[in-house]
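Here is a short tour of a few local features worth a look. Have the sequence and the model open side by side as you read.

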Amino acid sequence: MRHKLRIIPLGGVGEIGKNMTVIEYGDDILVIDCGLIFPDEMMPGIDVVIPDMTYLEQNKERIRGICITHGHEDHIGAIPYAMERFRCPIYGTRFTNALIHHKLDEHHLTDVEVIDVDPGQAVQLGCFKVEFIKTGHSIAGAVAFAIQTPIGTLIHTGDFKIDLTPIDGEPIDINRFAYYGTRGVLALMSDSTNVERTGFTQSEKEIGKTFEQCFDKAKGRVIVASFASNVYRLQQVADVAIAHGRVVCFQGRSMEQVVRFAQELGYMRVPADKIVRVEQLKNIPDNMVCVMTTGSQGEPMSGLFRMANATHKLNIGPGDTVIISASAIPGNERGVSRVINALYEKGADVVYDRMADVHVSGHACAGELRLMLEIIKPKYFIPVHGEARHLKMHAALAKEQGVLPERTFIAHNGAVIELSARKGVMNEAVQAGSVMVDGLKDVEDVVLRDRKSLSEDGLVVAVIVLDAETGRLLAPIELFSRGFIYMRDNEPLIERAGELVYETAKRFESTDKNEYQAVKNAVRSKLKSFLYDETGRTPMILPITMEV
């Protein structure tokens, strides 16, 4: 153990999002990223899903710090929940830390140490020396890490792409990766998200031509929906809008916050006199207006959704041009489609990724991943940030680039990869998985199963009134249905169900109150079978005993 480097992904392998990785040597633990994912339709009532941090809680005195690659939710979203469980310093670039501070403030966590680190700088965390390396991604301040350990160097790319003509004029620091490659790299952990796509990811500047064409054609207002965190895209659109004589209005709470942080830190530069509030737009001609809003993923409470459904101060109609400058995240396709249809129904001209180049990915395609492998020449390879197929395809790329298959580890969350100077193995695991958060509390799987059952088949409540002294039934059974059937249209069924419950409960008449649970179990079993035979559905059955 003393001479082994342990790499333990707690999230982000076998899935997209919820990124969190533990790097461990001796008595020192370094954590990379602390992200979340948002719930799908199979998680009713759940707000967010975060990694299971039990292992870190059990070893919190050994944690030297959390290093953050960039400020997307799948990399920083779980930080407040982590800080409620244990405390340690957090290291990130200035823009990333601005977003982290905001999240901590929302959770009323004011005594967390958040330390700014510029690309090119390094920090010493126990036995680990972590250098921050400039990369390219769809958010400002993205970095990779070169982690010098007692047995060799580990490179973690974070989310990246190789854009040689980025909007900010500061391309990925390929020279630094090459420097470590020539010195020898023990292991490479690399982003796998876009491995299915061949070639190289388009430069962010390429889509500028499309924006120019859209603004040239637009006769009325131009509304652009994008990810709030993509300040490069926001800057690009603002530049084109101002060049066409338009003012800019930012809509959506998250977008307004990101723009404020980006302006303060110098990542965006939009003249103050060109930024207007939504209330001012009524006094400005439509052909002089550009609105940038959230909602590119069809989120029900987002700016674009409310504009499309006439519940916003700025409602979209004929003459407006709407540009959805994003591709649908897997699982969001239906929501995006609904918004696009609603916009067409309002008479707007809509431009989206299937029609024109209005979005480029922030992740490296296969060509860039090959290049990274060739530059680094790692002894061991660990694909991360991807579902099972992405990890396997990335492993195949590594084999083609000369990494021996036995030195490639396709991990699962909780897997322990042990590397030494001689060999690497993956043969144990720690507790890992997903923790579902509803409000401020964790939700157990059994609760989620109950919610799914309620959402699918509804609820039937059977009220059983008993004499407190004798335990005898005092009244006919009352049944109530919620989400199962409409009771007025099914009175014969309800009546027969009530008689069945009465006869079942009557068999358990007793003065012994310990029998009440047996009454409930019998009623639940009989009623469930009866309703399934009659309707083919199995609602949740909730028997309630009342003493009078």
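## A strand on the inside

Strand β3 (residues 28-32) is largely enclosed by the rest of the structure, because five of its five residues are buried. Buried here means under 20% relative accessible area, with exposed over 50% and partly exposed in between (1.4 Å probe, protein chains only). Both faces are covered: Asp-28, Leu-30 and Ile-32 are buried on one side, Ile-29 and Val-31 on the other. Strands are DSSP runs of E with at least two residues, helices are runs of H or I with at least four, and both are numbered from the N terminus.

What does β3 pair with? Strand β2 (residues 20-25) runs antiparallel to β3 and is joined to it by five bridges, with Tyr-25 partnering Asp-28. Strand β5 (residues 63-67) runs parallel to β3, with four bridges, and there Leu-30 has Gly-65 as its partner. Strands count as paired if DSSP finds at least two bridges between them.

## How to read the numbers

This is a predicted model: local features need pLDDT of at least 70, side-chain atom pairs count only at pLDDT 80 or more, and totals for chains, interfaces and linings use all residues. Residues are numbered from 1 along each chain as its sequence is written, and side-chain values use heavy atoms, with hydrogens and water left out.

## A helix with a buried side

Helix α15 (residues 516-535) has 20 residues and reaches 28 Å from its first C-alpha to its last, close to the expected 28 Å. That expected span is 1.5 Å times one less than the number of residues. Its buried residues are Tyr-516, Val-519, Ala-522, Val-523, Leu-527, Phe-530 and Leu-531. They cover an arc of only 145 degrees around the axis, so they sit on the same side of α15. The arc is taken from the directions from the helix axis to the C-beta atoms.

Among the elements covering these buried residues are β23 (459-466) and α14 (491-506), where contact means heavy atoms within 4.5 Å.

Most residues other than glycine have a negative phi. Ala-310 has a positive one, near 60 degrees, and His-385 has one of about 55 degrees. Ala-310 is partly exposed at 43% relative accessible area, whereas His-385 is buried at 6%.
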